[in-house]
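Biologist: I'm new to reading structures. Could you walk me through a few features, one at a time?
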Amino acid sequence: MGMFGKSVNVEQEMKKVESEAISSIIDKSMTITGEITFKGKARIDGTINGNIDGEHLILSETGKVIGDITVSSLNCYGALEGNVKAGMLTARKDSSIHGKLEAESLTVEPGASIQGEIRAAAKEAPPINKLQSPKTKNDTK
């Protein structure tokens with residue numbers, strides 16, 4: 001996901017996202033089954049059975065998603081069962097995520113529950129295979 005150049009400042013980016021108006025809300029009395037695609041910023045207070053594809057998603061405390069989410073930013077307070085691909089992912093303290101996470105920038109608050117595989121890396125990160133060969137310990141002289 002090439003949405004973020006090298007020089008992105010995560011703090012600035014998050015502030016920008018937070019100041020944006022929410023363009024759509026799925027009420028907590030609503031249950032939706034099917035694919036959702038959206039632009040801008042959406043907040044889910046209800047239950048979604050299906051995949052979500054969009055820009056900035058807020059999953060509130062009452063929100064629940066069963067499906068895969070692909071967004072540029074996810075602010076998760078609720079429950080998610082499925083895989084996430086996001087540029088920025090924030091798992092808030094009482095959130096619960098069950099699935100595979102892939103994010104360029106990942107923030108996990110204490111108290112968030114995450115079960116599954118996590119890949120948090122900017123695309124430009126070099127491979128870390130240097131660490132896996134400790135045989136060159138002795139030649140530090």
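Biologist: Where is Asp 45 found?
Modeller: Asp 45 sits in the loop between strand 4 and strand 5 (47-49); strands are DSSP runs of E, at least two residues long, numbered from the N terminus. This is a predicted model, where local features need pLDDT of at least 70, side-chain atom pairs count only at pLDDT 80 or more, and totals for chains, interfaces and linings use all residues. Residues are numbered from 1 along each chain as its sequence is written, and side-chain values use heavy atoms, leaving out hydrogens and water.

Biologist: Is Asp 45 buried or exposed?
Modeller: Buried means under 20% relative accessible area, exposed over 50%, and partly exposed in between (1.4 Å probe, protein chains only). Asp 45 has 9%, so it counts as buried.

Biologist: What does Asp 45 touch?
Modeller: Contact means heavy atoms within 4.5 Å. Not counting residues up to four places away in sequence, Asp 45 touches several residues, including Ile 25, Lys 28 and Thr 62.

Biologist: How do I read strand pairing for strand 10?
Modeller: Two strands pair if DSSP finds at least two bridges between them. Strand 10 pairs with strand 8 in the parallel sense over 7 bridges, with Cys 76 opposite Ala 91. Strand 10 also runs parallel to strand 12, joined by 7 bridges, and there Met 88 stands opposite Ser 105.

Biologist: Why is strand 10 largely enclosed?
Modeller: Because 7 of its 8 residues are buried, strand 10 is largely enclosed by the rest of the structure.

Conventions. Helices (H or I, at least four residues) and strands (E, at least two) are DSSP runs, numbered from the N terminus.
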